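Biologist: I am new to this structure and would like to go through it by question and answer. Shall we begin once it is displayed?

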Amino acid sequence: TCTNSYSVEITPLYAYRDGGDFTDESDTNNKTTISIDNTAAYGVLIAVPYERGKTLELYYSHQSTHLDSIDISNGATTAKTNIPITIDYLHIGGTAPISEDKDLPTFVSGGLGFTYMNPDFPDTQAELRPSMSIGIGLKYPVIENVAIRLETRGFATLFNNNSTLFCNGGCDLQVSGNGFFQFEVFTGLAIQF
């Protein structure tokens with residue numbers, strides 16, 4: 001039985017996200033690491049109470065950043081360039097309490113869903129991949145039905161080993177490993193209705 005006094009909680013959020021990286025194995029003699037810039041991200045969490053202290057959540061966030069120092073061939077020449085890319089996460093998950101301190105409730109969070117990575121460069125294409133997240137956070141009540149939410153969250157996006165990413169005929173970015181990992185710290189104003 002739900003004991004919460006609200007029916008929905010909306011949290012606009014602002015984050016700082018660690019970029020993550022890929023290992024490019026398209027040249028087996030010269031494997032290189034391709035990094036994504038650390039930048040801000042923003043989004044929203046929509047939560048509904050589920051059981052005592054638990055919530056079900058829909059999480060969305062958007063990041064505009066760059067893939068650093070990609071080798072791009074143009075005729076007979078090859079040059080390094082930064083490629084703009086946006087990264088969006090859409091996860092369904094929830095929270096469970098660590099403590100039930102009414103003055104400073106802490107919780108674990110998690111979700112499953114998708115990552116949408118969209119580079120802005122000719123001959124590249126967007127990628128939609130399954131992903132998951134896990135985090136830990138706290139809420140600091142400000143006034144009735146309003147709290148500041150602080151959280152750290154890690155993301156893992158899955159893809160097949162030696163996948164070719166972002167390619168649409170004109171590139172050969174081949175990455176090793178089975179995942180792409182990012183980490184963020186965010187704050188938001190949780191408003192209950």
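Biologist: Does F155 count as buried or exposed?

Modeller: This is a predicted model, and the answer rests on the computed relative accessibility. A residue is called buried under 20% relative accessible area. F155 has 2% relative accessibility, so F155 counts as buried.

Biologist: How many helices and how many strands are there in the protein?

Modeller: Read along the sequence, the pattern of the protein is β-β-β-β-β-β-β-β-β-β-β-β. The count is therefore zero helices and twelve strands.

Biologist: Among contacts between residues at least 6 apart in sequence, what percentage join residues at least 24 apart?

Modeller: Contact here means heavy atoms within 4.5 Å. Of the contacts in the protein between residues at least 6 apart in sequence, the part that joins residues at least 24 apart is 61%.

Biologist: How are the rings of Y59 and F155 arranged: stacked, edge-to-face or tilted?

Modeller: A search of the whole structure finds two aromatic pairs, and Y59 with F155 is one of them. A pair of aromatic rings is described by the distance of the centres and the angle of the planes. For Y59 and F155 the centres are 5.8 Å apart and the planes are at 35°, so the pair is tilted.

Biologist: How many residues apart in sequence are the parts that the pair of Y59 and F155 ties together?

Modeller: Y59 belongs to strand 5 (residues 55-74), whereas F155 belongs to strand 9 (residues 146-158). Both Y59 and F155 are buried.

Biologist: How are the rings of Y89 and F155 arranged: stacked, edge-to-face or tilted?

Modeller: Y89 lies in strand 6 (residues 77-97) and F155 in strand 9, so this pair ties together parts that are 66 residues apart in sequence. Y89 is buried, with a relative accessible area of 1%. The ring centres of Y89 and F155 are 4.2 Å apart and the planes are at 20°; planes under 30 degrees apart count as stacked, so the pair is stacked.

Biologist: Which residues do ring pairs link into a cluster?

Modeller: F155 pairs with Y59, and F155 also pairs with Y89. The cluster linked by these ring pairs consists of Y59, Y89 and F155.

Biologist: Which residue has its charged end over the ring of Y59?

Modeller: Over the face of F155 lies R17, at 5.4 Å from the ring centre. For Y59, the charged end over the ring sits 4.6 Å from its centre and belongs to R153.

Technical notes
Residues numbered from 1 in each chain as written. Predicted model: local features only at pLDDT ≥ 70, side-chain atom pairs only at ≥ 80, totals over all residues. Heavy atoms only, no water. Helix = DSSP H or I, 4+ residues; strand = E, 2+ residues; numbered from the N terminus. Phe/Tyr/Trp six-rings, centres within 6.5 Å; stacked < 30°, edge-to-face > 60°. Buried < 20%, exposed > 50% of the residue type's maximum accessible area, 1.4 Å probe, protein only. Lys NZ or Arg CZ within 6 Å of the ring centre and 35° of its normal.
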